[in-house]
Amino acid sequence: MASASGSPNPVVLGCGGISVDYLAAVASFPNPDDKIRSLALKVQGGGNTGNALTAAARLGLRPRIISKVANDAQGRSILSELQTDGVDTSYILVAENGNSPFTYIIVDEQTKTRTCIHTPGSPPMVPEELTKANLSSALDGVDIVYFDVRLHDIALLVAEECRQVKEKSLF
C-alpha cells in the first residue's frame, strides 16, 4: 500500500530534541563526594526525536527532522550520525555560536537503572528561525509527524501548518 507521498516507504517528519549521549556504565551509583571509575563509556547520538527517527529509518521509513544544533564538535557529530543512519537533516538549523545539546547518562549495573543529566543546546531554537518556506518544504509529502517535548513553540507551528495543509487538501 502506497503512502500519501506516493511512495511505499512513508515519510515521517520529526520535530524535537537531538543530542549527543555520553553513557558511562558504573558498578553502582556513587554516593555524594565519591570518586569512582566507569566500567565502560559509549558516545552516541540521542534525544527523543533523534532516536525515534533513527528507528524509523532502520524500519524503512523516510525520516526528516526539524531541530537545532551548534557548529561545534557535538553538533557535527549529531548531524553526521543522523545522516549515516538515513535521516534527512536538511531542516536542522546550525547556529554558528553556542553549544549543541548533550546528556550524561550514568548506567548503574547493580540496580539496572540510569540517571540522565541533560544540557540543553544554546541558543535554543525559536519560531522565527523556522521560515514558512522551510516549513512547507519539510512538510511536503509527509505521512506522519512526530513531536517530543523539547521544542514546544516549534511543534505548535508545525502542527498548525499540518492542520492548514490537511484542510486545503479536503477541498
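Which residue is the bridge partner of G14 in strand 4? I65 is that partner. The model is predicted, with local features requiring pLDDT of at least 70 and side-chain atom pairs counted only at pLDDT 80 or more, while totals for chains, interfaces and linings use all residues. Residues are numbered from 1 along each chain as its sequence is written, and side-chain values use heavy atoms, without hydrogens and water.

**View 1. Strand 1 and its pairing with strands 4 and 8.** Helices (H or I, at least four residues) and strands (E, at least two) are DSSP runs, numbered from the N terminus. Strand 1 spans residues 11-15, and five of the five are buried, so the strand is largely enclosed by the rest of the structure; buried means under 20% relative accessible area, exposed over 50%, partly exposed in between (1.4 Å probe, protein chains only). In a regular strand the side chains alternate between the two faces of the sheet. Here V11, L13 and C15 are buried on one side, and V12 and G14 on the other. Strands pair if DSSP finds at least two bridges between them. Strand 4 (residues 62-70) pairs with strand 1 in the parallel sense over five bridges. Strand 8 (residues 144-147) also runs parallel to strand 1, joined by four bridges, and I144 is the bridge partner of V12.

**View 2. T103 in strand 6.** Strand 6 covers residues 102-108. T103 has 7% relative accessibility and therefore counts as buried. Leaving aside residues up to four places away in sequence, T103 touches S19, V20, D21, Y22, C116, I117 and H118; contact means heavy atoms within 4.5 Å.
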